[in-house]
Amino acid sequence: AGRIAISTFHALGLAIIRADAAAVGLKPSFSILGPSDIETMIAELLGTTDLGRARAAQWTISRWKNALVSAPAAVAAAQDADEAAAAQAYLRYDDTLRAYQAVDFDDLIALPIALLESRPEIAARWRERCAQLLVDEYQDTNPAQYRLLRVLAGEAARFTAVGDDDQAIYGWRGASLDNLAQLPRDYPQLKVVKLEQNYRSTVRILRSANALIANNEKLFDKKLWSEHG
């Protein structure tokens, strides 16, 4: 049991960066900046004292980073003046963070991806350490987290992803159902195990639940049932 590591994606990403900080241009003692620090930094990059505007730009930059959209790509794809300003701030944002020997929360996923994809010897070491992977609440992952899973799983692809498309409620913070849809395409040998038996509820409750979730767009059809009468 001592060999089992249990963590969030971000805690795992932090462990990877701490172990190989020099490879991403950081000292092992780098800082993780919180939202208030980042707000102030982005306000300076925007040249504004309006923290509400800075907060909105911060959210936009975070969304881009979680979707693995680079700063130049964000500049090219900006849809309005606010996005254009956020994209210009994004161009200088990461350099500013590094000057402070700091990262933000999104870097805890983005930096390990960049590191493992560019340094095969480091990737091999982490694949050996993470030889078997279990991802819970997989429907709540975002594109960056799925990319990290893929690079850690490697060609061996020894992983289990537990998730339910009918429980996907975190799209507003970047979670993507495309991650569930993409799994069978990226891994054609994927074995799907449906956990349809419910151990808590009665048939009447599950009949109502089945009627409700039948309205959802389906990736994996399922019908909940119970032995509780």
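Glu 137 is partly exposed, with 41% relative accessibility; the term covers values between buried (under 20% relative accessible area) and exposed (over 50%), found with a 1.4 Å probe on protein chains only. Glu 137 sits in the loop between strand S3 (133–135) and helix H8 (143–153). Its phi is positive, about 50 degrees, although Glu 137 is not a glycine.

This is a predicted model: local features need pLDDT of at least 70, side-chain atom pairs count only at pLDDT 80 or more, and totals for chains, interfaces and linings use all residues. Residues are numbered from 1 along each chain as its sequence is written, and side-chain values use heavy atoms, without hydrogens and water.

Gln 101 also has a positive phi, near 50 degrees, and is a residue other than glycine. The table sets out both residues.

| Residue | Loop between | Relative accessible area |
|---|---|---|
| Gln 101 | helix H5 (81–99) and strand S2 (102–103) | 22% |
| Glu 137 | strand S3 (133–135) and helix H8 (143–153) | 41% |

Now the whole chain. The protein has ten helices and four strands. Helices (H or I, at least four residues) and strands (E, at least two) are DSSP runs, numbered from the N terminus. Their order along the sequence is α-β-α-α-α-α-β-α-α-β-α-β-α-α. The C-alpha atoms fill a box of roughly 65 × 40 × 30 Å, taken along the principal axes.

Of the 229 residues, 38% are buried. Among contacts (heavy atoms within 4.5 Å) with a separation of 6 or more, 70% join residues 24 or more positions apart.
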